[in-house]
Amino acid sequence: MTWDPKHFGKIDEFIETLEQKKRNLVVIVDPHIKNDNYYPFFYNAMQNSKFIT
Amino acid sequence: MYGSWPFILAKYKEDFLLAGFIWNNPSETYVKLTTQNYYNKTQLLINETLINNELLINDTLINNETSINSKENISNETTTNEKYSTELEKLEKLERGEVNKYDKSNNLEQPKFEEKLIKTDKKTVWISESGIIDISLFADPKIINFYFKFHKLIGFANLPPLFSLGYHQSRWNYKDTQDLIEVDKKFDEHNIPYDTIWLDIEVIIYY
């Protein structure tokens, strides 16, 4: 999983505004690594045998 | 499942004795709790002695010969007694050597423990796929003290954070950060209080 910087850039600034109003931000995550060769993180990990099988 | 802390509690008479243990093993764990309703003759004898001495409590002694079931349980007695007699029959057959206990084709349930062991009606089996047996035992006559001891070990429950009780705003999904800012602003504009905003999965690429 990788944060989308294109659509959700400058999120830290938004969090600061929320903080001033004593509001919280929750981010839902699916904590897995996508099995997709077009996903650079997965591709590099595969190439360098980083996964334990 | 992984990461859970299985805990078992047995209750004897009201304010008489509570006993339990916590199984400290984070691996996949199997817990089986069975109610068996058969006794061998030694057990019946022991039970009777214990009843006379008021050491055992009604619900731990369900069998037809001592008839100590409360009236509410009578409807269940037929099935209990049937199970009891078939189990006993099987055990007797085995004792007389009429059946081979290693032959599974006769559908004979093998005795789980040494025959001389006392057979009670509640049994529990705990199996973890790895690790060591690490248990903590608790016992106390009072339930409030029992749980105090228990929580002294595992910790006391926290109150929920105040913000978690307020309104939570969530949508699948917001277009971008600008969209988020707008939504946040609109809440203030319309005087709607909210404490938490949730971002769904679209903020992640390659999920």
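User: Which strand of chain B does β1(A) join through two bridges?

Analyst: This is a predicted model. In it, two bridges link β1(A) to a strand of chain B, and the two run antiparallel. On the chain B side, Ile204(B) is the bridge partner of Trp3(A). The strand, at residues 204-205, is β8(B).

User: How many residues does each chain give to the contact?

Analyst: Both chains take part. On chain A, β1 (2-3), α1 (11-20) and β2 (24-27) each supply at least two residues of the side that touches chain B. The contact takes 20 residues from chain B, and from chain A the number is 23.

User: How many residues are nonpolar on the side of chain A that touches chain B?

Analyst: Sort that side of chain A by class. Six of its residues are charged and five are polar. The nonpolar ones number twelve.

User: In what order do the strands stand in the open sheet that holds β2(A)?

Analyst: This sheet has three strands with parallel pairing. β2 of chain A and β6 (168-171) of chain B each have a single partner strand, so they stand at the edges, with one side of each left without a neighbour in the sheet. Neighbouring strands are turned by 20 degrees against each other on average, direction ignored. The order is β2(A)-β7(B)-β6(B).

User: How many bridges join β6(B) to β7(B)?

Analyst: Strand β7 of chain B covers residues 196-199, and β6(B) runs parallel to it. Take one pair across the two strands: Gln169(B) stands opposite Ile197(B) in β7(B). The bridges between β6(B) and β7(B) number four.

User: Which residue of chain A belongs to the largest nonpolar core?

Analyst: This core has five residues in all. Tyr174(B), Leu180(B), Leu199(B) and Val203(B) come from chain B. The chain A member has contacts beyond four places in sequence with Trp3(A), Asp176(B), Thr177(B) and Val203(B).

User: What is the bridge partner of Phe7(B) in β2(B)?

Analyst: Strand β2 of chain B spans residues 18-23. It runs antiparallel to β1(B), and five bridges join the two. Within β2(B), the partner of Phe7(B) is Ile22(B).

User: Which residue just after α3(B) takes a positive phi?

Analyst: Helix α3(B) takes in residues 143-154. Just after it, phi is about 100 degrees, at Gly155(B).

User: What share of the 207 residues in chain B is buried?

Analyst: Chain B has four helices and eight strands. From the N terminus on, they follow the order β-β-β-α-α-β-β-α-β-α-β-β. To count as buried, a residue needs 20 or more other C-beta atoms within 10 Å of its own. In chain B, the buried share is 6%.

Conventions
Residues are numbered from 1 along each chain as its sequence is written. Chains are lettered from A and ligands numbered from 1 in the order in which they are written. This is a predicted model: local features need pLDDT of at least 70, side-chain atom pairs count only at pLDDT 80 or more; totals for chains, interfaces and linings use all residues. Two residues are in contact if their C-beta atoms, placed from the backbone, lie within 7 Å. Ala, Val, Leu, Ile, Met, Phe, Trp, Tyr, Cys and Pro count as nonpolar, Asp, Glu, Lys and Arg as charged, and the others, Gly among them, as polar. Two strands pair if DSSP finds at least two bridges between them. The expected span of a helix is 1.5 Å times one less than its number of residues. Axes are lines fitted to C-alpha atoms, for helices over the stretch in contact, and angles run from 0 to 180 degrees between N-to-C directions. A nonpolar core is a set of buried Ala, Val, Leu, Ile, Met, Phe, Trp, Tyr and Cys residues joined through C-beta atoms within 7 Å. A residue is buried if 20 or more other C-beta atoms lie within 10 Å of its own, exposed if 12 or fewer, and partly exposed in between; C-beta atoms are placed from the backbone.
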